Amino acid sequence: MGFLTFQGGIHPDDGKELSKNQKIATMEAGDKLYYSVAQHIGAPAIPVVAKGDYVMRGQLLAKAGGFVSAPVHASVSGTVAGIQKMRMPGGGLTDCIVVENDGEMKELSYEGASSLEDLSKEEILSRISNAGIVGMGGAGFPTHVKLSPKEPEKIEYILVNGAECEPYLTSDYRRMLEEPERVVEGLRVVLKLFPKAKGYICIEDNKKDCVKAIEPLCTDSNIEVRILRTKYPQGAERMLIHATTGRRINSSMLPADVGCIVDNIDTITAIGQAVLKGEPLMERIMTITGDAISKPQNLLVPIGTLMGEVVDVAGGFKQDPEKIIAGGPMMGNALFGLDVPVIKTSSAILAFTKDEVSASQPSACINCGRCVEDCPGRVVPARLATFADRGDEESFLKYDGMECCECGCCSYVCPAKRQLTQSIRSMRKILLSKRKKG
């Protein structure tokens, strides 16, 4: 079984200068919001409201559909207009609870904690679960499940992922720079669950201003900043674990198997808000950028907002884009249109005047080995893509296809312009689906 290690690292044009100096601005919600019941890995949430119901900001719209699930809350006050199918950022269709915003933002009162010390581990996990917090770095795994390993006494490290290695994205950077105390506060909450663990806030060395903002707040003996080399995909979970602790995991393992838990910057911040202030997850920071965006910026966006409305707040398009991506350019998903709601895992909207991928014509593999040289999973992407295109599941598994982290490095460096990651990702989805059914 292959292990994810890393030696070189690629350096795609990062594009971060477009938005990195733009402070987080708060976006007002639109007239209608669309709340997906499947914003997470696991069972979809179950609606608890019906057409005509009046809801307040922070009110439960859909309860968790099981242990591996997460509830959904309203980010505005208004009237439930019904439930309809909507296209999601990942391309699938999902039921969405539609709320007509009354513009009054009437909000529930939340029960905060007098102090962290007064809360038991069970109370902390309950607050995280009830708040609907999921991994906001992209995976969307329910956070209360991640923080409930079978052997909690074996957890030695809590890693806060502040690498933000994806090109163009700067929302985590702005969060660390503008609200460093909330990051540290959230980490303290998680460490209360694992008293033997040490907390590392992991930041790449190109974000020295974030290090300067956070380090003075790390007054606890079990919290410190860990500075990592700037390279892609440094922020991938397996990569971050290896770079920070020297430990390695493969696709059949969980971070907890090597004594680690990894949470994104936004996730750890939401944990602090939920546990200490009682607030559910209702909004998230998004980077709106690309050469087709009039005013690239970082926005605090109400969950359920249509992406088209988010782009409008950023000044709209200064030129019709050929390519729009939800998420980062390396691991995000291309969008057919912007009638797609913002969900808990929506980190960015990128719009580009040129679609370089579609403009390039793939040719036959020339066996140059560049994809192998730059693969952090130490597999052979060209071979795996061929197996995937042929539907050869046996060979794909034999050559460790499940060790691919879908970072996109192979497609980026391929001189033949083969869409290696896309082929491998499709096969991995098929095999993962079969695992679940089995």
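Visitor: With which residue does Arg188 form a salt bridge, and how far apart are the closest N and O atoms?

Guide: In this predicted model, Arg188 forms a salt bridge with Asp220, and their closest N and O atoms are 2.8 Å apart. The pair links distant parts of the chain, 32 residues apart: Arg188 belongs to helix H4, while Asp220 sits in the loop between helix H5 (208-214) and strand E11 (223-228). Arg188 counts as partly exposed because its relative accessibility is 29%. Asp220, with a relative accessible area of 26%, is partly exposed as well.

Helix H4 (residues 180-193) also has helix H3 (residues 171-178) beside it, for their axes come within 5 Å and cross at roughly 95 degrees. H3 is therefore roughly perpendicular to H4. Where the two helices meet, Arg175, Met176, Leu177 and Glu178 of H3 face Pro180, Glu181, Arg182 and Val183 of H4. Arg175 and Arg182 are also members of a network of salt bridges that includes Glu179, Asp266 and Arg284.

The count for the model comes to 21 salt bridges. One of them joins the side chains of Lys434 and Glu393, at 2.7 Å from N to O. Lys434 lies in helix H14 (residues 420-437) and Glu393 in helix H12 (residues 393-398), so this pair ties together parts 41 residues apart in sequence. Another salt bridge is formed by Arg425 and Glu406, with the closest N and O atoms 2.9 Å apart. Arg425 is in helix H14, and Glu406 is in the loop between H12 and helix H13 (409-413). Both Arg425 and Glu406 are buried.

How values were computed
Residues numbered from 1 in each chain as written. Predicted model: local features only at pLDDT ≥ 70, side-chain atom pairs only at ≥ 80, totals over all residues. Heavy atoms only, no water. Axes fitted to C-alpha atoms, helices over the stretch in contact; angles between N-to-C directions. Helix = DSSP H or I, 4+ residues; strand = E, 2+ residues; numbered from the N terminus. Parallel < 35°, antiparallel > 145°, perpendicular 65-115°, else oblique. Contact = heavy atoms within 4.5 Å. Salt bridge = Lys/Arg side-chain N within 4 Å of Asp/Glu carboxyl O. Buried < 20%, exposed > 50% of the residue type's maximum accessible area, 1.4 Å probe, protein only.
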